[in-house]
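Have the structure open beside you as you read.

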Amino acid sequence: HELVVLSSGKGSLTELFPRIPEYSLTEPKRRLCTGIYRGITNPQPEVLGVNLVPGTGELYEMPFLTFDGKHTALFIFVVPGGPWETVMGVRYEDNAKKFNEVVLGIASQFPHLRERIREKEFGLRSALDYLQGAITPTVRRAYAKLANGKHVVAIGDLHVVNDPLMGQGVGCATNSAFVVGQAILDDGLAFDERFCKRVEEQMWNNRSRDATAWNNHMCQVPPAPNTVDLIIAASKNQVLADAFADNFAAPGKNWNVMATFERSRNLLRVLGMESPFIDAALAEKAGAATASKGAAR
């Protein structure tokens, strides 16, 4: 083949593509237990629900169409070592009753969700409808040269794998596939290092860079002050909540707001909303800078 494109981020294939330390983490920041559940009435209108418990984790809920109708998907993101860790210690296959009880206990911590749960019907749809695991966010070089002189290009999880917290895997992989396809159409003269380097730059700059930065920011423990302020504000302002959810498909827009505390604070000011955690962090930063100047004198 003149060019091989790989997308599987598993096994020895990863050894072809060097890890980029400045964009990669060394351990998972969340453990994930996700499944499709019966016995939950979806809200009207149907929405993506984002629930945050600082230092403990996040719970996302969304309607999910299955072969036997519409049910609810719950995504439980667990901060390692936190109180929700129990959900990672029980497998549905081993003890279905206990598994459902543990998930119900976590979901019941959120009153707006608990009131829609029909407890007698609640439970995982089937043993095939859940996943448990953890991912270490990693960015690798997007191409490699083989011994025969030809090149291979990495897309999807082989190039960039993010924690599932912000749901960026499919979007980044799809964008990368279109970038590579368009590059083949635009410049099929040679699939050499020049071609591969340009593809790498376009994949990174088009989406993966902002998705990675935003994702790693949202995974911080404890959460960054602007993460807390923006989620609280979104719970009170539907325009902000809609924009935050819509921008899962355009991570650069959310990262543009969250890249600095000042940017987040100024957006909230425009909306007439408070930013107590950001204000405290900026005041602390200003105080530290003043103290440093005084010490220097």
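Searching the whole structure turns up two cavities of 30 Å³ or more. A cavity here is a set of points, on a 1 Å grid over the protein atoms alone, where a 1.4 Å probe fits but cannot get out; a pocket is an open set with protein on both sides within 12 Å along at least five of seven lines, and lining residues have an atom within 4 Å of a point. Grid points are joined across faces, edges and corners, and a volume is the space filled by probe spheres set on the points.

This is a predicted model, where local features need pLDDT of at least 70 and side-chain atom pairs count only at pLDDT 80 or more, while totals for chains, interfaces and linings use all residues. Residues are numbered from 1 along each chain as its sequence is written, and side-chain values use heavy atoms, with hydrogens and water left out.

**The spaces and their volumes**

| Space | Volume |
|---|---|
| Largest pocket | about 930 Å³ |
| Second largest pocket | about 560 Å³ |
| Largest cavity | about 70 Å³ |
| Second largest cavity | about 40 Å³ |

**The cavities**

Which residues line the largest cavity? They are Arg30, Val50, Leu52, Glu58, Tyr60, Leu165, Met218, Pro223, Thr227, Ile231 and Phe244. E3, E4 and H5 are the elements that give two or more residues to this lining; helices (H or I, at least four residues) and strands (E, at least two) are DSSP runs, numbered from the N terminus. By class, the lining of the largest cavity has eight nonpolar, one polar and two charged residues. Ala, Val, Leu, Ile, Met, Phe, Trp, Tyr, Cys and Pro count as nonpolar, Asp, Glu, Lys and Arg as charged, and the others, Gly among them, as polar.

The second largest cavity has residues such as Gly156, Asp157 and His159 among those in its lining. H3 gives the most to that lining, with four residues. Its classes are three nonpolar, five polar and one charged.

**The pockets**

Turn now to the largest pocket, which 37 residues line; Leu32, Thr34, Leu131, Ile135 and Pro164 lie nearest its centre. Strand E7 provides the largest share of this lining, five residues. The lining of the largest pocket includes 21 nonpolar, 11 polar and five charged residues.

For the second largest pocket, there are 22 lining residues, and Val47, Leu48, Gly49, Val50 and Ala241 are the closest to its centre. Here H6 supplies the largest share, six residues.

How do helices H7 and H8 pack? Helix H7 (residues 251-258) and helix H8 (residues 261-270) meet at an angle of about 95°, with their axes 6 Å apart. Axes are lines fitted to C-alpha atoms, for helices over the stretch in contact, and angles run from 0 to 180 degrees between N-to-C directions. H7 and H8 are therefore roughly perpendicular to each other (under 35 degrees counts as roughly parallel, over 145 as roughly antiparallel, 65 to 115 as roughly perpendicular and the rest as oblique). Asn256, Val257 and Met258 of H7 make the contact with Arg263, Ser264 and Leu267 of H8, where contact means heavy atoms within 4.5 Å.

Not counting residues up to four places away in sequence, Asn226 touches His217, Met258, Thr260, Phe261, Ser264 and Ile278.
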